[in-house]
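Visitor: Please show me the structure, and then take me through a few of its parts.

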Amino acid sequence: MVKIGFSLPQHGAQAHQATEVARFAAEAEQAGADSLWVGERLLAATNPKVGYAGKDTIPDEFNAVLDPFVLLGIAGAVTERVRLGTNVLIAPLYSPTVLARSLTTIDVTSGGRLVPGFGIGWSPEEYEAAGVPFARRGARLDEILDALEVIWTSDPASYRGELVTVPEHRSELKPVRRPRVHLGAFGAAGLARIGRRADGWLPVVPVPGPPAWGQQLLKMRAVVDRAAEQAGRDPGTIDTVVRVNVAAGTEPELIAKAIEQVAGETGFDDFFVDMMYIADSVDGMLDTAIGLLDRLRG
């Protein structure tokens with residue numbers, strides 16, 4: 001059976017209903033959702049040097065955003081079963097010690113349900129606001145992943161790289177779940193990084209989207225698998241969780257058909273639907289989520 005998850009209320013009009021986050025999480029789990037997800041926007045620049053998704057602008061939905069760590073903490077407190085995922089945190093914006101503390105807290109308080117997903121982002125202004133150089137952000141991500149691995153598996157723990165340093169410190173508290181780092185990537189270098197070192201890949205399906213999109217995903221997955229084999233890893237141990245990016249005005253029936261088509265073409269069985277553009281209220285999000293679960297599980 002295909003696993004289906006949903007984004008938490010986090011952006012735009014949904015963020016203005018922040019008091020409803022707990023209700024959404026609890027009712028989505030009760031309806032049968034398998035996972036709940038957050039993304040990240042540190043800020044929405046008014047005159048961006050780089051726009052969103054290849055455009056010159058940034059969506060209005062990013063003008064209001066809730067903190068991803070807080071949202072997952074709320075969702076974890078009112079649920080018992082669903083996985084809690086980040087798709088994605090811009091890891092280079094953080095020091096690895098801060099990132100490790102926040103993620104470990106979410107994992108241990110939820111009983112080991114966290115799926116940490118990372119990326120490198122695209123906004124120079126976000127890096128400027130965090131006081132981190134935009135250049136070499138891929139290399140910084142690699143060092144942060146190295147540092148997290150040390151913090152999550154050693155006590156005492158320390159790490160010294162070219163870009164990231166973690167002084168030796170006590171690190172008794174570890175994630176309940178084995179750290180399963182997922183990465184979002186589409187280019188050759190990012191896909192190869194997943195094959196070499198990640199536990200999961202976070203691809204995207206646009207809805208509406210081009211025909212036979214599943215075949216494009218399989219080509220990208222092949223890059224991941226080849227890199228894994230070259231690194232002496234078993235590609236079968238690398239998960240795939242597909243994010244379904246839905247355009248405004250898209251009917252739920254089209255979303256369900258897209259998921260069914262991609263699952264059939266690829267064999268991928270783990271999806272989550274980003275509802276940022278398709279519902280202005282938490283009630284609307286719940287109606288959409290329940291309708292999709294009924295359609296896909298019926």
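Visitor: Which residues line the second largest pocket?

Guide: This is a predicted model, in which local features need pLDDT of at least 70 and side-chain atom pairs count only at pLDDT 80 or more, while totals for chains, interfaces and linings use all residues. Residues are numbered from 1 along each chain as its sequence is written, and side-chain values use heavy atoms, with hydrogens and water left out. On a 1 Å grid over the protein atoms alone, a pocket is an open set of points with protein on both sides within 12 Å along at least five of seven lines, a cavity is a set where a 1.4 Å probe fits but cannot get out, and lining residues have an atom within 4 Å of a point. The second largest pocket is lined by Leu145, Leu148, Glu149, Trp152, Arg178, Pro179, Val181, Leu183, Arg197, Ala198, Asp199 and Arg233.

Visitor: Which helix gives the largest share of that lining?

Guide: Helices here are DSSP runs of H or I with at least four residues, and strands are runs of E with at least two, numbered from the N terminus. The largest share of the lining of the second largest pocket is four residues, and they come from helix 6.

Visitor: Is valine 181 buried or exposed?

Guide: Valine 181 sits in the loop between strand 8 and strand 9 (182–183). Contact means heavy atoms within 4.5 Å; leaving aside neighbours within four places in sequence, valine 181 is in contact with residues including Phe118, Leu145 and Trp152. Buried means under 20% relative accessible area, exposed over 50%, and partly exposed in between, with a 1.4 Å probe and protein chains only. The relative accessible area of valine 181 is 11%, so valine 181 is buried.

Visitor: How much space lies in the largest cavity?

Guide: A search of the whole structure finds one cavity of 30 Å³ or more. Among the residues that line the largest cavity are Leu103, Asp107 and Trp152. Grid points are joined across faces, edges and corners, and a volume is the space filled by probe spheres set on the points. The space in the largest cavity is about 60 Å³.

Visitor: Where do the buried residues of helix 3 lie around the axis?

Guide: The buried residues of helix 3 (residues 68–78) are Pro68, Phe69, Leu71, Leu72, Ala75 and Gly76. They cover an arc, taken from the directions from the helix axis to the C-beta atoms, of only 160°, which puts them on the same side of helix 3.
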